[in-house]
Amino acid sequence: LVIVIPDDGEVLTPPAEHAVDEDRRAVFGRLAGAELGASYQLATRLLGNRGDAEDAVNEAILRAWESFDRLRDRGAFRPWLTRIVVNVCRNDLRHRRVLQIDPLGDDDRTAADPINDGSLRDGVARALRRLGPEQRVVVVLRYWNDLRVDDIARLLGVPSGTVKWRLHAANRRIKAELSRSGWEVER
Amino acid sequence: MSRRITQDDLDAEIRSHLADVRTPEPASLGEVLHRLPERAAAPRRWSLAISALVGFAALAVVLIAVVAIAGLPFIGSRLGPAAPAASSSPSVTAATPGPPASAAAADLLTFDENGLAFAYPAAWREFHYAVTSSFSSQITFLATVDVPEPCTTTSNASFTTTQCANRYQLTPGTLVVGILGGAFPGFDMTTGRPAGSTALTVGGLPAYLETVSPPAADLDLRWTISRPGMVDNFYTIDAQMRGPGIEAMRAQLEALIASVRYDPPVVPLPTGSAAALAAAQSALAALVKDSPVWGCFSLSGPQTVRIDSMPDGPPLAHPQLATCTMKIEASPLQLWRMSLSMRLSTPDPNVGTGETTIQWINPDGSLGARIGGPLAP
């Protein structure tokens, strides 16, 4: 018997003996607690602001708890939770018209950075803000989480080619945005 | 004059930008773990076995399962400040009055909320709890017993804990009906009906009925009914009953379901091929704005064109000919369902032999949900 959870596509098997394990809460708390920080960092980068990120992580944790009995391999908790976080954030992004981005902290790089007087940085920030949900997700997973294309594909449940295309399209869009700021990316 | 950077510089700048987002973790972040529902929701097929172990307390499992389906409406997504008074016992304070219920007949009242309306016996009392949550779904109970506030809050010096569960007790000859709204991405009432459920039409739209093995009731009937205009949204009406009098209560519930109507009413799709063609035309025009590759599809019939990528990606390894065929049909959901198949002349390493996309179209011709997948054989 195989159960497919429709919101994240995870293929799971029914619970074994641990179904009524009274230690579940403690186990879940330990596993989820270790991932809270990373989940929040990821959600913040996907959603662009802290309040939404906190909401998303809370929702993801509750979804994970709801399905915890059916997690086949507890060693896979981290990618499983990451997938839920990404799916919660994707759903949130899809339902938004405007991406609200928290202002960044003071930037002390520009004075010392000869290549960047701030316009490149501003252009990249603007471009990232304008990416569609799917492009934003792959860019964050690629550049922040440092995941390989195949791993992103596995996490999102899409073919690797789709991930490559989304990265390509995102890159094209970022370059177009940068060119408006006077930056050309050499091939 | 343009300044130039390399792709590596750009990659580094993107990484740097993402790394620079200042995200101190809020102090409240970990507290979500302290306010988890009392038990993880077990799949319903095991609820009977669990009830044998945990007895009446397992009632909570059913509620939590339903809550989970409804997008966890009970659970506040933000933790507020610590509650001033600690209370670990279930609250028995009166529920806030429900939405206006009008007398529809001598012994019936009308429920009309969140787009759903129906008649129910006047002897049933309405319990309406306002729960603040960014992803909440309205919940109302109709019951012949007291339904206490589902969530209780306790606090100590370190944190506040809120636990939500089913806290009512069915006594002989009583029932509790929970009404919830839910959504799952990809859910489709017409294809996602669980095995063993009974297909129905409720309020003119598809629905299904499941008989659940209840942990502490004699009968638990759960209707999942469509939410107009939204393929992946639905309502759940979950009724737990304890005998005697099950048959009479069941008859009342069936009368309730028979009275369901949507507010505003569902507008049936126009019939005839002209309406379907107009919907398809409107949708295709919108799709082409998204990606010109959708231009491969034509109302006049299958077309073969040279493409270098799929409409929603990915790019093909090499440009090649694709044959595009489309079909549009009126769905029982009163939405148009357009199937778009793109078959490549030779298999592509990125795409395979092609893709089939299901594009839902609203009655006004605007685009609804879109789901893509491998080409159907």
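Is Val212(B) buried or exposed, and at what relative accessibility? In this predicted model, Val212(B) counts as buried because its relative accessibility is 7% (buried means under 20% relative accessible area, exposed over 50% and partly exposed in between, with a 1.4 Å probe and protein chains only). Val212(B) lies in strand 11 of chain B, residues 205–212; helices (H or I, at least four residues) and strands (E, at least two) are DSSP runs numbered from the N terminus. The C-alpha atom of Val212(B) is separated by 9.8 Å from that of Ser197(B), 15 residues apart along the chain.

Residues are numbered from 1 along each chain as its sequence is written, and chains are lettered from A and ligands numbered from 1 in the order in which they are written. Local features need pLDDT of at least 70 and side-chain atom pairs count only at pLDDT 80 or more, whereas totals for chains, interfaces and linings use all residues; side-chain values use heavy atoms, with hydrogens and water left out.

One disulfide (a pair of cysteine sulfur atoms within 2.5 Å) is present over all chains. This disulfide joins Cys296(B) to Cys324(B), with an S to S distance of 1.8 Å. Cys296(B) is in the loop between helix 5 (273–290) and strand 15 (303–309) of chain B, and Cys324(B), 28 residues apart from it, is in strand 16 (residues 315–330). The disulfide is right-handed because the torsion about its S-S bond is about 100°. Cys296(B) is buried, at 2% relative accessible area, and Cys324(B) is buried at 1%.

Chain A contains seven helices and three strands.
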